[in-house]
Protein chains: 4
Amino acid sequence: MIVVMRTDASPEQIEAVRAKIRELGYQDRPIQGVERTVVCVLGQVYPEMLDELSVLDGVETVLRVSKPYKLASREVHPMDTVVRVGDLEIGSGRVVVMAGQCSVDTEEYTLATAQAVRDAGAHVLRGGAFKPRTSPHSFEGHGAKGLELLARAKAITGLPIITEVMDPRDVELVAETADILQIGSRNGQNFALLKEVGRTDKPVLLKRGMWATVEEWLLAAEHIMTQGNHNVILCERGIRTFETATRFTFDVNAIPFVKRESHLPVVADPSHGTGRWYLVEPVALAAIAAGADGLIIEVHVSPDHALSDGAQSLTPQNFARLMERLDVLCQALGRPLHPAVGQAPSAARGDGQRP
Amino acid sequence: MIVVMRTDASPEQIEAVRAKIRELGYQDRPIQGVERTVVCVLGQVYPEMLDELSVLDGVETVLRVSKPYKLASREVHPMDTVVRVGDLEIGSGRVVVMAGQCSVDTEEYTLATAQAVRDAGAHVLRGGAFKPRTSPHSFEGHGAKGLELLARAKAITGLPIITEVMDPRDVELVAETADILQIGSRNGQNFALLKEVGRTDKPVLLKRGMWATVEEWLLAAEHIMTQGNHNVILCERGIRTFETATRFTFDVNAIPFVKRESHLPVVADPSHGTGRWYLVEPVALAAIAAGADGLIIEVHVSPDHALSDGAQSLTPQNFARLMERLDVLCQALGRPLHPAVGQAPSAARGDGQRP
Amino acid sequence: MIVVMRTDASPEQIEAVRAKIRELGYQDRPIQGVERTVVCVLGQVYPEMLDELSVLDGVETVLRVSKPYKLASREVHPMDTVVRVGDLEIGSGRVVVMAGQCSVDTEEYTLATAQAVRDAGAHVLRGGAFKPRTSPHSFEGHGAKGLELLARAKAITGLPIITEVMDPRDVELVAETADILQIGSRNGQNFALLKEVGRTDKPVLLKRGMWATVEEWLLAAEHIMTQGNHNVILCERGIRTFETATRFTFDVNAIPFVKRESHLPVVADPSHGTGRWYLVEPVALAAIAAGADGLIIEVHVSPDHALSDGAQSLTPQNFARLMERLDVLCQALGRPLHPAVGQAPSAARGDGQRP
Amino acid sequence: MIVVMRTDASPEQIEAVRAKIRELGYQDRPIQGVERTVVCVLGQVYPEMLDELSVLDGVETVLRVSKPYKLASREVHPMDTVVRVGDLEIGSGRVVVMAGQCSVDTEEYTLATAQAVRDAGAHVLRGGAFKPRTSPHSFEGHGAKGLELLARAKAITGLPIITEVMDPRDVELVAETADILQIGSRNGQNFALLKEVGRTDKPVLLKRGMWATVEEWLLAAEHIMTQGNHNVILCERGIRTFETATRFTFDVNAIPFVKRESHLPVVADPSHGTGRWYLVEPVALAAIAAGADGLIIEVHVSPDHALSDGAQSLTPQNFARLMERLDVLCQALGRPLHPAVGQAPSAARGDGQRP
């Protein structure tokens, strides 16, 4: 931490800053520049110290030198983290695709969508049982009944399940069905919830808060990791900007940036990141080209009957087309698609869709 | 709701949109313009309908005509809501000031700060027992012990208490001590928490999510109100923008705008809205000049020892100066300060509230 | 400037950074911290140096210590700058109001509006002859003919004129009529234009670019001042954020912040800063309460016939009401309205102010 | 255009809106909904009309149905525009790469960089002779001398030149050397400059204003096109958001969105869009995967000696690596790199610059 003094700071003010640093148990190193003095603080500083020093008289500003996150930092942990879900490896250099409905709705649609995404090559089935809805007058998900439907879809397709948990009181219940717990963007700094999922042993997909800097996103991961759960998958899903042509601005820069800053795997959500189904394919390809470890995509067998976010859901046909293009792209990039999981429980049905 | 067709939409596509509208149980009214056709939807539409219609072939976009919030809307409820806490009236045309520590820390500081803000004319004591902290390595509040300290401060000063609740599981506990429940900015769309406070009978101060549009903020209020609790106080606390000179950008426009859109009282938080103590006074005055019903201000007897947000806390001296300037301003604006509450137990001190 | 090394930087990398600093003619001061080394650069650094040092191997980041603006900085020039236009003093502690049409349109409207704002107490007449219009299909101003109309309005009312210049080739022409040259928000970093107005001796009102940080805004002022013209008036006019309820987000924080950072006077434009006429009064009062030295307001005798920005123009009645409320507010704040200028050249009419 | 009335609008207010619409020469079509009335306006509306109608009593808001741009719109002009520069075709389905220095500096560096980018397969040489610099204390380019250096580099490499023009007075001069005129982000709404380049017959690369919505960007293109020059190349270069980890937020969504909205070619600038050299390659690949027609990249033979933006420049080695990876990617996507241009004029000259 570096305390930058005002150009008109008096020797007494500089001395008071130095004394305060020593009082807090740190070493002080003043440097007299041409315009002003700066005082370096040596030792393991804590975040609040910035506030404590910046209120002192004669201080212009206080600059931080160290990263505020440790467990999530690649400086501390240089090797890539690989999150495992059964045979599936996320972050291993092979691209993983999670796909399915935004909200679990009818049994018919849920199972049909699950089958369709498995057939097209998805590795994980997504589906919302508990949905955060901006309006209280919107459909909020089927809750426990939705979880049962997901469990049935898993039994049939063999795909592991990712589903969102919104309430710390539901974590235990959701973790019974889910293979991966999802934290939604609006809960990106819901610390009570982050802690609770940090106490489970389930992988957590942590969506970036639509307002969160990369640093805050990594600190949210740190909240989970400090509870003992290091199986965190980061998910870029678009940030809020002035642009209204798309629902959010997908921050493609963040993908290579966070891969450099952190050892955690990063997946991309082009469905929420754009809000428009016709932008999902190009932005999905872009995210992978930028280095993402995987994708999470909304698919619905009948988007105009979807109970939420129909405008950003792909049809099974469009999803299958995306998977084909993705396959070619991933091979060109030298990071092929992950081998199939959920080996064809339907194969017994002799339906010819997968060998 | 109005469906805007593409200029090249075919008659069949237009007919399919009209049929879909009727299938959903609404009336359709097409209007043939010079460039394109629009189809008006008549009836009480629901939010998801926008998605359902926008995915149809030939549709350019779907425009919403109605507001998505009802209970919070001034169109539905033209009269100002006044939230009452004992003798205190928030939203009555008299300016109310809530002040105190960001985090409850030591007993000595807490009681001294409480006394100081009461003496300077504050109407409500603020103090955080549970604190949302961006970093898991930061001080997170004293929890239940903090609530006890607040209760003592209330007993001594007679001031009602506002304090934050972060976890739906804590609502009952916090409501035992708090006179006003505070929802913090990072929980501005934590729907599990919003519902839980909506089931209590305590007034709720709802801070705007730093990413939330005014519409989303009012929808968050609607989440609380649909559970039966209509005592919602809105709090503008700054939004996240590209400007980094200040911690957030205090959205002063939002104050008169939301007063026009909604009947709920609106208070301003210039401490978090600026993040720098020397900007608190000018922005506090600005918020009141723009029409805010009150303020919530951080004060600490020793800001450089505050366990959080010291850089934005006022000293008691600066707070007293602000109250004096505010008194003059409020009179000039014709909206005087609310009369004192917590009738001076220290005045005669014979009343049993302080030994 | 402070070079922060990576935690894994080698001694050779640190030495290379130090050598580079010395090669550039500066002194280097390394500080060995617990986690990493930082190297302080002593001397008058230049902005590009940040780039030159940050590309070196082993460097994590480079922090700037000094402000990049000098002429505009209060550290360098502690006394308030007062900009004088005839008898009018801007930045002297008395509040100045500029008002008039967004675009000069018909002679009838222009003169009627000019008379109305003078009668209500405005000190400067605003009016656009050259208008930046987002769409090429919109009205772009009357150009030279508009300037003539403004000159007539000045002759009749005695009010000095502020008008926008958009093209470096027009600066000389506009400066013949204008008493204050206005640089619009979209030209907030049009350096060719900034330089050109910096070569005149006319006061310049510099609107903040809707995307500009306070630092960039002050650097734009610096561009003007380095050419010799120190009569710069800063104008906060709203920034672009995610909020769409208002046209822009008026950054009220910036007013006290920039008054602290710079010695230049600051005025506020609540018309563009909100984009809605019914928000102009509350935000105007807020800006003054926050410390602004003046206001610039759109007024039109017939807003629904205005050729641009009718939705944010006040009627003369609303403007007169604002001036009355402002008068009371300014007195309460101890910063009264500036005395009237343009003393009734129409006084020949013998009345008073209007027949 | 659709006028949405307030729920409490009186019949007289509705009638006044209808009368105003007819007075303006349009047809009015009222629709009585459940909550409120909307009035559709039939005819070719102009943008200001929105303002004129929104100020009428009883009006809640006015919604636009048509796009404000025509010449740039794909609805009007469904076929892709291909911009030709000699043999080079931009927007033809083959990917084009422009590369070179941010600022033209020494002759040695300029020619070496030009040679290096040609050798690696770039199709156009970029280089700034006139540079917009945020700080007036920064290097602003060599001006006319820089243009001469670019002309020499063109003579040697055979590559066409793209260079920025900042001042309408320089357009003629710059157009003598440049094959493509570049409008920088800070001039993205400098309408005087846009018009001036619109009067030339040179292709114009129009960078998006860092604050501009896609709509405003297309309207800026429209400003150029209305002057007769339809050879506009759009360039996404990052927008300003709250994220500070990267210099700007590259808006990858905008690429497929604008390709759908407009027939103009779109290129991407990952150098400015990220501000960090190590993010250039992944974001360049992402932009192409998202559908961009080309790239513009900063390369410098000695980034730590670059006079501007060294931190975001690639070395020739890194650029060559990017071109190799790009080649593979483009083939996988079915949109191969454009054939080489500037066929080795130095080869025949036997001057030893290339073996």
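User: What makes β10(B), helix α6 (residues 191-198) of chain B and β11(B) a right-handed β-α-β unit?

Analyst: A crossover is right-handed if, with the strands pointing away from the viewer, the path from the first strand over the helix to the second runs clockwise. β10(B), α6(B) and β11(B) make such a right-handed unit, and so do β11(B), helix α7 (residues 214-225) of chain B and β12(B). Helices (H or I, at least four residues) and strands (E, at least two) are DSSP runs, numbered from the N terminus.

This is a predicted model: local features need pLDDT of at least 70, side-chain atom pairs count only at pLDDT 80 or more, and totals for chains, interfaces and linings use all residues. Residues are numbered from 1 along each chain as its sequence is written, while chains are lettered from A and ligands numbered from 1 in the order in which they are written.

User: How do you know that β11(B) pairs with strand β12 (residues 232-236) of chain B?

Analyst: Pairing takes at least two DSSP bridges between two strands. Four bridges join β11(B) to β12(B), so the two parallel strands pair. L205(B) stands opposite I233(B) in β12(B).

User: Why is the relation of chain D to chain A called a two-fold axis?

Analyst: Chain D is laid on chain A by a turn of 180° and a shift of 0.0 Å along the axis, with an RMSD of 0.0 Å; that is the relation of a two-fold axis. The superposition is by least squares on C-alpha atoms of residues with pLDDT of at least 70 in both copies. In chain D, the C-alpha of A286(D) is nearest the axis, 1.9 Å from it.
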